Amino acid sequence: MLQYLRKDISRTLLAFATMLWVGLGGSVVAIAQGPGRDADKPKPDFPGLDIQVEAGWDGRVEVNAPVPISFLLSNQSEQVLEGQLILTDPFTKKEVNLGDVFIGPASVKRFSSVQALTGWSDCVATYTDGDEVYWTRPVPLITGKDFSEDLNFLLFVDDGGRALQLPGSETPASAESVQPNAVQNSPTMSGGMAIDPSRYIPRQGSGRAVQPLSVKTWQIPQHPGPLTVTQGILFSESAKPEMLNEQQWDAIGRWMCLGGTVFLHDSSKEVLDRLKKAAPLTVQPPVPWEELSVHRGGGGSLREYSGKLFSADDPTTMQAVLSAAGKLSRTNILWVLDETS
């Protein structure tokens, strides 16, 4: 009897000790992890500071090409902010200092940089004076969207947040049930492929599908390199020379002569003159081509449209621009030089 009593006491003491160890261990772990969790929480931004940052174009980043990193900084405080913008790879801890940025009180500033980020899978941007972190955010580089060689890409530059209203696909879902020139607006199956409603699909044999990308003026780089992943740039009827700075217009003009195409309204004469001035090669007089007027310049062109880009009743102008964009070459002079070197 005494032997069984000893076993019961031993089991009770063992159970009590286990419960005590777990309780203390849990407390120790909680105490040890508590400060770490608080330290990992992002610090609040500097009061009155707002920064927008974008890598690549409308969610697409090509890390094997020059990557544009664009910032729009707004300081609504009463303090002059002086610091540096720094990019960090959180895995390799590699840092790229983009330079000094000064922002006066109640002011807005654009800042852009072109970086080689080959091998980077993630990125964090930080604005700091070295002692104080004013602002920090992750900048996605791997987004699941790429620059497919099966598509032509068209940058639509507009600060109003508008997206192009695509007229739909020209590819008939069935040759028996749809006329050859019919336009399909439903994102269903067409020719064995699922139609992406964000893309313009031309009729078979009439060019590549066109993927519009919406960008703001502050995202346009000051170097033509990042623009080489796209085939066209589209400006609306409201385009004005003051919407971009001198370096941005110069970058577009050089990109055009390398093989890019700019679409603009025929009423935007000041923008046309500014691009002619920015082009390092002579821009030729216009030649009519379908619904557009084409100015050749180097390896690319300026193309003027005359109708309304946004019209609920008449999609002719949009159709003409997208159809022309689908027929643009994907080859530019930089690629030719790279392939022959």
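In strand 16, which residue is the bridge partner of Val294?

Author: The bridge partner of Val294 in strand 16 is Arg303. A word on the basis of this answer: the model is predicted, local features need pLDDT of at least 70, side-chain atom pairs count only at pLDDT 80 or more, and totals for chains, interfaces and linings use all residues. Residues are numbered from 1 along each chain as its sequence is written, and side-chain values use heavy atoms, with hydrogens and water left out.

Strand 15 (residues 292-297) and strand 16 (residues 300-305) pair in the antiparallel sense, over 5 bridges. Strands here are DSSP runs (E, at least two residues), helices are runs of H or I with at least four residues, and both are numbered from the N terminus. Two strands count as paired if DSSP finds at least two bridges between them.

The open sheet is formed by 7 strands in the order 11-8-12-13-16-15-14, with mixed pairing. Strand 11 and strand 14 (287-289) stand at the edges with a single partner strand each, so one side of each has no neighbour in the sheet. From one strand to the next, the twist averages 30°; axes are lines fitted to C-alpha atoms, for helices over the stretch in contact, and angles run from 0 to 180 degrees between N-to-C directions.

Helix 2 (residues 246-258) packs on this sheet and touches strand 12 (232-235), strand 13 (261-265), strand 15 and strand 16. Contact means heavy atoms within 4.5 Å. The direction of helix 2 makes about 135° with that of strand 12. Helix 4 also packs on the sheet, touching strand 8, strand 11, strand 12, strand 13, strand 14, strand 15 and strand 16, and its direction makes about 135° with that of strand 8. Helix 4 (residues 316-326) is mostly covered, as 10 of its 11 residues are buried (under 20% relative accessible area, with exposed over 50% and partly exposed in between, for a 1.4 Å probe and protein chains only). Among the buried residues of helix 4 are Met318, Leu322 and Gly326.

The loop between strand 10 (193-194) and strand 11 contains Pro202, which counts as buried because its relative accessibility is 8%. Pro202 and Gly326 are 124 residues apart in sequence, yet 7.4 Å apart in space, C-alpha to C-alpha.
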